Amino acid sequence: MSIQYVLVNFGGPRNLDEIEPFLKSLLRDRDVVRTNLLKPIHHFLFGRIASRRTRRVKQDYQAIGGKSPIYEDTEKLADTLSQKLGSKVWAF
């Protein structure tokens, strides 16, 4: 049996249309943004913050090619590690 590895990252939007859903998912996650707010209030408040941030974040992503580089970087890193380790490296 060969050893296999898993390489995990936090992820990022793969195109400009994914930015708002990504930010909402990220900011509404209570393990990422910890508050003592009731869940519906937390969900509403951080959903609004994500929506307001989207325009500025889209401009930042446009400046770097319209997407997060983390997906492709992680895939390249997994391929390189797989070659170096002589084992399968799964990227998520």
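Okay, let's start at one end of the chain: the side chains of glutamine 4 and tryptophan 90 are joined by a polar contact of 2.7 Å. By polar contact I mean a pair of N or O atoms within 3.5 Å, where, within protein, one must be able to donate a hydrogen and the other to accept it, and residues adjacent in sequence count only if both atoms are side-chain atoms.

Quick housekeeping before I go on. This is a predicted model, where local features need pLDDT of at least 70 and side-chain atom pairs count only at pLDDT 80 or more, while totals for chains, interfaces and linings use all residues. Residues are numbered from 1 along each chain as its sequence is written, and side-chain values use heavy atoms, with hydrogens and water left out.

Back to glutamine 4. It sits in strand S1, residues 4-7. Helices and strands here are DSSP runs, H or I with at least four residues for helices and E with at least two for strands, numbered from the N terminus. Leaving out residues up to four places away in sequence, glutamine 4 touches Lys88 and Trp90, with contact meaning heavy atoms within 4.5 Å. Glutamine 4 is partly exposed, at a relative accessible area of 46%. The cut-offs there are under 20% for buried, over 50% for exposed and partly exposed in between, with a 1.4 Å probe and protein chains only.

So what's the overall layout? There are 3 helices and 2 strands, and from the N terminus on the elements run β-α-α-α-β. The radius of gyration is 17 Å, well over the 12 Å that the globule rule gives for 92 residues, so the protein is more spread out than a compact globule. For that number, the radius is taken over C-alpha atoms, and the rule is 2.2 Å times the number of residues to the power 0.38. Along the principal axes, the C-alpha trace spans about 50 × 35 × 15 Å.

Glutamine 4 and proline 40 are 36 residues apart in sequence and 40 Å apart in space, C-alpha to C-alpha. Threonine 80 is partly exposed, by the way, at 41%. Then there's asparagine 36, in the loop between H1 and H2: its C-alpha is 45 Å from that of lysine 84, 48 residues away in sequence. Asparagine 36 counts as exposed, at 83% relative accessibility.

Glutamate 20 is in helix H1, residues 19-28, and is partly exposed at 28% relative accessibility. Which residues does glutamate 20 touch, not counting those up to four places away in sequence? Ser51 and Thr54. With serine 51 there's a side-chain to side-chain polar contact of 2.8 Å. Threonine 54 lies in helix H2 and is buried, with a relative accessible area of 6%. Its contacts, leaving aside neighbours within four places in sequence, are Ile19, Glu20 and Leu23. One more on glutamate 20: its C-alpha is 19 Å from that of aspartate 31, 11 residues along the chain.

Next, histidine 42, which is also worth a look on screen. Helix H2 covers residues 39-63, and histidine 42 is in it. Is histidine 42 buried or exposed? Buried, because its relative accessible area is 1%. Its side chain reaches the backbone oxygen of leucine 27 at 3.5 Å, and the backbone oxygen of arginine 28 at 3.5 Å too. Setting aside neighbours within four places in sequence, histidine 42 is in contact with a list including Asp29, Val33, Leu37 and Gly47.

Last, a few totals. Buried residues make up 21% of the 92. Among contacts with a separation of 6 or more, 56% are between residues 24 or more positions apart. The accessible surface comes to about 7,100 Å², with 54% of that belonging to carbon and sulfur atoms; that's Shrake-Rupley with a 1.4 Å probe, and for residues only the protein chains shown count as cover.

And charges: the mean positions of the 16 positive and 10 negative ones are 7 Å apart. Lys and Arg count as positive, Asp and Glu as negative, and His and the chain ends are not counted. Each charge is placed at NZ of Lys, CZ of Arg, CG of Asp or CD of Glu.
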